[in-house]
Amino acid sequence: MLQCIFFLSDSGEVMLEKQMTGHRVDRSICAWFWDYVLSQGGDPSKILPVIASPTHYLFQLFRDGIIFLACTQVEMPPLMGIEFLCRVADVLTDYLGGLNEDLIKDNFIIVYELLDEMMDNGFPLTTEPNILREMITPPNIVSKMLSVVTGKNSNVSTRLPDATASCIPWRKTNMKHASNEVYVNLVEEIDAVFSRDGALVKCEIYGEVQVDSHLPGLPDLTLSFSNPSILNDMRFHPCVRFRPWESDQILSFVPPDGEFKLMTYRVKKLKSTPIYVKPQLTSDTGNCHINVLVGVRNDPGKTIDSITVQFQLPFCVASANLTSNHGTVNILADKTCSWSIGQIPKDKSPSLSGNLVLETGLDRLHVFPVFQVGFKIMGVALSGLQIHKLDIKNAPSQPYKGFRALTQAGEYEVRS
Amino acid sequence: MAPPPAPPQKSPSPSQPSGKSEVSDLKLQLRQLAGSRAPGADDSKRDLFKRVISYMTVGIDVSAAFSEMVMCSATSDIVLKKMCYLYVGNYARCHPDLALLTINFLQKDCHDEDPMIRGLALRSLCSLRVPNLVEYLVAPLGAGLKDGSSYVRMVAAVGVLKLYHISAATCLDSDFPAVLKSLMLTDPDAQVVANCLFVLQEIWNLEANKSEEASRERETLLSKKIVYYILNRIKEFNEWAQCLVLELVAKYIPSDTDDIFDIMNLLEDRLQHANGAVVLATIKVFLHLTMSMTDVHQQVYERIKAPLLTLVGSGSSEQSYAVLSHLHLLVMRAPMLFSSDYKHFYCQFSDPSYVKKLKLEMLTAIANESNTYEIVTELCEYAGNVDVPIARESIRAVGKIALQQYDVNAIVDRLLQFLEMEKDYVTAETLVLVKDLLRKYPQWSHDCIAVVGNISSKNVQEPKAKAALIWMLGEYSQDMPDAPYILESLIENWDEENAAEVRLHLLTAAMKCFFKRPPETQKALGAALAAGLADSHQDVHDRALFYYRLLQYDVSVAERVVNPPKQAVSVFADTQSSEIKDRIFDEFNSLSVVYQKPSYMFTDKEHREPFEFSEEIGNLSLGQEPVGNSPRYDESDKDLLLSTSEREENGGPSTNGPAASGYSAPTDYNSSLVSLSSQTQSETAISDPGMPKYTSQMTLAIDDLLGLSVSAAPAPPSLKLNPKAALDPGTFQRKWGQLAVSISQDCSVSPQGIAALTTPQALIRHMQASSIQCIASGGQSPNFKFFFFAQKLDGPPLFFLVECIVNTSSAKAQVKIKADDATASEAFFGLFQSALSKFGVL
């Protein structure tokens with residue numbers, strides 16, 4: 001079980017310490033950890049998530065410039081430690097509206113309160129954001145306004161959430177709402193890898209069904225798809241009942257209030273990809289000519305938006321001179337080159353070309369960059385998944401139902 | 001660099017307020033506010049508290065303001081209360097006398113009408129952790145456990161554990177465990193149940209060594225009734241509590257196959273839980289439940305595949321890392337499992353390198369005839385990767401796959417292409433691989449040498465690669481026209497060569513080359529020997545001297561020594577023995593998997609789980625049916641060995657040395673029974689300190705080595721065994737747990753016996769004829785494991801319990817005997833041994 005949690009800044013400074021058990025963990029462990037980070041090159045994001053120090057076993061998670069460090073001396077499931085830290089990071093991001101050093105330092109009391117409710121004696125308790133939010137009010141603008149107006153600025157609700165007593169841990173027993181609406185969003189990420197010759201090495205879609213529910217009472221929802229057979233590797237929110245899915249592929253659930261991830265899925269072995277990127281690199285006596293073409297391969301039927309192409313210039317490139325006929329090209333200090341295209345214009349296909357000067361002594365380029373492509377397509381789920389219908393039982397009046405879809409590039413890579 | 005987080009009251013960093021004056025200022029302000037009932041008092045208090053706590057957070061010692069803080073704590077504001085609790089919890093330990101001040105207001109808060117405050121106060125009260133305040137804890141805890149609010153009960157349950165850690169006696173005397181137990185079985189709130197379970201497990205685990213009753217209690221936690229009760233409510237628990245429950249279930253011993261299937265059906269949907277920890281815990285349960293059912297075990301592998309792959313793909317890279325470690329373990333046991341899903345392990349550009357590394361290992365492990373081509377193609381893509389360490393790793397992975405013998409032809413071509421890439425690290429890695437390949441597949445030498453010959457040794461700087469190149473130059477000097485001259489130029493630069501490894505290889509290569517092309521090499525060899533003799537490195541010097549004298553003595557002998565006809569290496573020594581892997585597998589879903597070491601290799605002894613034999617033996621298949629692969633059997637005796645050797649470390653000073661060494665190298669003794677040293681080591685590790693058997697076993701072991709069959713002179717069988725002896729598995733298990741090992745020895749099995757031991761049943765029937773019954777058996781060639789028992793014919797019912805591990809490849813049997821009457825065990829061992837020696841002969 002976790003004995004202690006530290007928050008460190010990305011320069012190794014201890015920002016916060018929360019002891020969990022009677023075995024106090026000395027702060028010197030952080031110094032050890034930071035020495036370790038430095039010995040590994042000093043980049044906290046590249047450090048193994050599970051490390052053994054001479055005295056403790058450490059779990060570390062690096063998020064947005066903050067290192068979450070948990071210590072234990074006993075054997076425990078590693079994923080439990082890591083998952084828990086992920087949850088802490090998620091909850092804090094949710095509460096503080098972001099995550100950075102200043103936010104943590106300004107709100108450390110809330111952080112303490114949250115950690116107190118999330119873990120007791122090293123054993124995780126509640127990490128469900130909906131429940132935590134009822135025990136500890138987030139420091140949002142409304143409550144700040146309220147505190148200014150009323151002069152009371154307690155951010156702790158005076159009563160315990162009903163949920164801890166109800167048998168549906170993710171929902172209050174008695175919810176009253178002014179609004180009566182529910183939104184279902186399909187958010188998909190397409191992961192694809194293309195080889196040097198343009199062949200598709202791997203293509204998959206990772207999708208999430210996100211629900212934003214503001215319904216009164218205890219509504220019982222059923223959501224069905226027209227083509228559930230394409231789905232693989234589903235994972236469900238605890239509220240989803242397993243049997244109806246097993247027998248009829250119907251999602252039946254009592255939703256938590258607010259936004260949550262109802263289900264995640266994967267669609268494998270896709271053949272069509274929306275965009276092609278064709279890089280060409282030709283080396284010639286210390287120079288390398290680069291030419292990248294971008295265009296639509298399979299038209300998804302909606303506009304492809306926010307297209308970007310990003311790649312790391314090999315370290316043996318001394319200087320680069322890149323121009324494009326559409327969009328803007330930037331070369332950052334760490335030799336990352338990013339080309340933001342936006343939408344593909346109707347009349348021409350965007351291309352980027354230029355010359356890379358190699359370091360002296362090198363004749364041709366041996367290391368080839370990987371082109372990472374980003375884009376967004378609103379209004380379509382590329383996997384082809386379609387929602388058939390959403391039924392709501394137990395609702396006093398028929399609520400408003402909204403459906404949306406979005407596909408964006410996940411790990412969309414083109415090798416050269 | 002981090003500012004040193006050392007005691008900041010001594011050296012506060014300049015950016016922070018410099019301790020003393022600030023603290024006394026705060027004290028003053030707090031004192032002024034303490035009694036104030038003014039309307040704005042709470043707000044100003046809150047600001048002050050916030051400052052105090054922020055100092056505390058940065059590491060400044062503000063404990064001096066303790067009494068002022070306590071004075072201010074009489075408030076109804078819950079945030080103030082929380083801050084105060086936090087402060088008190090932090091400093092109470094170093095100021096036990098002051099902590100007494102807080103008891104009063106905390107106890108009062110424990111009776112507050114708001115359950116939230118009651119809970120918080122109780123939590124803080126228990127978190128004070130001051131031993132002499134324990135008496136004040138009992139009453140509030142007792143009340144808390146009966147509180148109407150589940151929040152308070154939940155806090156109180158964990159509070160009991162905190163109390164236990166401060167003072168175990170007080171906790172047990174107040175009978176809290178019993179209260180928790182009834183609460184666990186009756187409370188309507190799942191979180192309360194989970195906390196009770198968590199606390200009870202911890203308490204009984206720690207108590208089990210001390211009292212019989214506690215270990216019984218611990219077993220009742222694993223009883224069918226409790227496990228089923230909790231399992232039936234599993235959906236009410238939150239995700240973390242589910243992990244806890246699943247850990248418990250993984251230890252549960254199912255009574256029959258229906259039991260197993262019931263549990264698996266109930267838990268199947270947990271595999272699709274959004275929390276990875278739950279998924280992995282469920283998988284552990286599945287794997288452990290089906291350990292003895294080969295078919296189902298395979299089906300389980302198929303079933304868990306998809307959820308595991310999903311976990312790898314989704315979630316943060318830290319999560320994928322943990323999951324990949326587990327996948328790696330699974331793949332070691334069932335390589336076929338993921339062979340068609342190899343694309344899941346293709347590296348993404350944005351993966352951190354620790355994930356990439358594991359993915360490369362996965363790709364290496366799952367490569368087989370059907371997918372080698374694709375995998376190698378993919379790996380070759382990474383060789384040009386921007387991330388140099390990963391590029392290196394991927395070249396190594398290609399080499400490893402080649403050594404696994406799949407599609408070598410294509411791979412050799414690929415490797416040779418790497419050499420043409422003219423990238424120094426690529427060349428370096430490839431050279432090492434080509435060397436290994438040539439040692440295994442000498443038939444490829446022609447193609448490789450043609451390419452290797454073109455590499456200029458100036459482009460190779462890394463010692464390992466240079467050594468490999470030099471090795472090839474020496475070994476294939478007849479095929480490389482330039483070899484002697486390259487070697488010569490290398491020898492000329494002897495002094496610039498820093499790595500001893502390279503110089504050693506240079507010496508040997510010069511020798512080899514000399515025997516193949518004497519006239520061209522003679523000069524170079526002379527220079528090399530001279531340089532070697534003058535070398536400051538001991539090994540280099542010695543080798544040069546050795547060669548020199550060898551050449552002086554007889555050149556043809558020297559040739560036979562240095563340049564014997566070589567045989568292709570068929571198997572390279574594996575880095576990790578299969579026992580270790582089995583052991584790690586047993587600790588699935590634990591840190592062991594991530595470290596790739598069993599926990600006894602890295603955890604502190606004080607934190608190690610108490611040895612649980614009953615659980616392990618319970619996983620043997622009961623009855624006499626043969627079972628398929630049951631790797632756990634190796635584990636239980638590992639544990640046994642481990643625990644006995646530990647006991648010795650503490651208790652037996654006479655055998656301290658060998659036992660300790662046996663402990664530090666636990667991997668050796670099971671695998672290499674051949675060497676005398678390890679044999680005696682294992683024996684001392686096993687033998688009970690009370691028995692004066694050490695020397696006799698030592699001689700036996702030597703006899704054994706000399707080829708004297710130990711069974712030649714068995715003890716006179718004055719002992720008669722009851723042919724109808726009966727013992728139920730439960731009793732066996734209990735006895736095995738209670739009794740000490742009275743004899744532990746290796747004996748040999750006749751070749752005929754080995755031949756007859758195709759299934760465990762053959763031996764079981766044979767031993768039955770000698771009135772020795774089998775109670776459980778298992779294993780697969782070459783390791784079989786049996787648990788036997790026998791009963792003395794006349795007199796009181798005295799039992800002998802035997803654990804026997806037969807290794808068919810070494811024709812050895814390891815026998816461990818435990819007896820009700822230890823004095824008769826020698827005689828029984830004679831009987832057992834003679835029975836065993838007859839096996840297969842008749």
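## A helix pair and a chain interface

In this predicted model, α17(B) and α18(B) run roughly antiparallel to each other, because their axes cross at roughly 150 degrees and angles over 145 degrees count as roughly antiparallel. Helix α17 of chain B covers residues 294–313 and helix α18 of chain B covers residues 317–333, and their axes come within 9 Å. The crossing of α17(B) and α18(B) is left-handed. The residues that make this contact are set out by helix in the table below.

| Helix | Residues in the contact |
|---|---|
| α17(B) | B:Tyr301, B:Ile304, B:Leu308, B:Leu311 and B:Val312 |
| α18(B) | B:Ser320, B:Val323, B:Leu324, B:Leu327, B:Leu330 and B:Arg333 |

Sorted by class, the contact of α17(B) with α18(B) is made up of nine nonpolar residues, one polar residue and one charged residue.

The two chains also meet each other, in a contact to which chain A contributes 96 residues and chain B contributes 99 residues. The size of an interface is often given as the accessible area lost when the parts come together. Between chain A and chain B about 8700 Å² is buried, and carbon and sulfur atoms give 58% of that area. On the chain A side, the residues that lose the most area to chain B are A:Glu75, A:Leu79 and A:Arg235, which together account for 8% of what that side buries.

A further detail concerns A:Val50, which lies in strand β3 of chain A, a strand of residues 50–52. Is A:Val50 buried or exposed? A:Val50 is buried, because its relative accessible area is 2%, and buried means under 20%. The C-alpha atoms of A:Val50 and A:Gln60 are separated by 6.4 Å, although these residues are ten residues apart along the chain.

Methods: Residues numbered from 1 in each chain as written. Chains lettered and ligands numbered in written order. Predicted model: local features only at pLDDT ≥ 70, side-chain atom pairs only at ≥ 80, totals over all residues. Heavy atoms only, no water. Axes fitted to C-alpha atoms, helices over the stretch in contact; angles between N-to-C directions. Helix = DSSP H or I, 4+ residues; strand = E, 2+ residues; numbered from the N terminus. Parallel < 35°, antiparallel > 145°, perpendicular 65-115°, else oblique. Left-handed = near helix turned anticlockwise from the far one by under 90°. Contact = heavy atoms within 4.5 Å. Nonpolar A, V, L, I, M, F, W, Y, C, P; charged D, E, K, R; others polar. Buried < 20%, exposed > 50% of the residue type's maximum accessible area, 1.4 Å probe, protein only. Buried area = accessible area lost by both parts, 1.4 Å probe.
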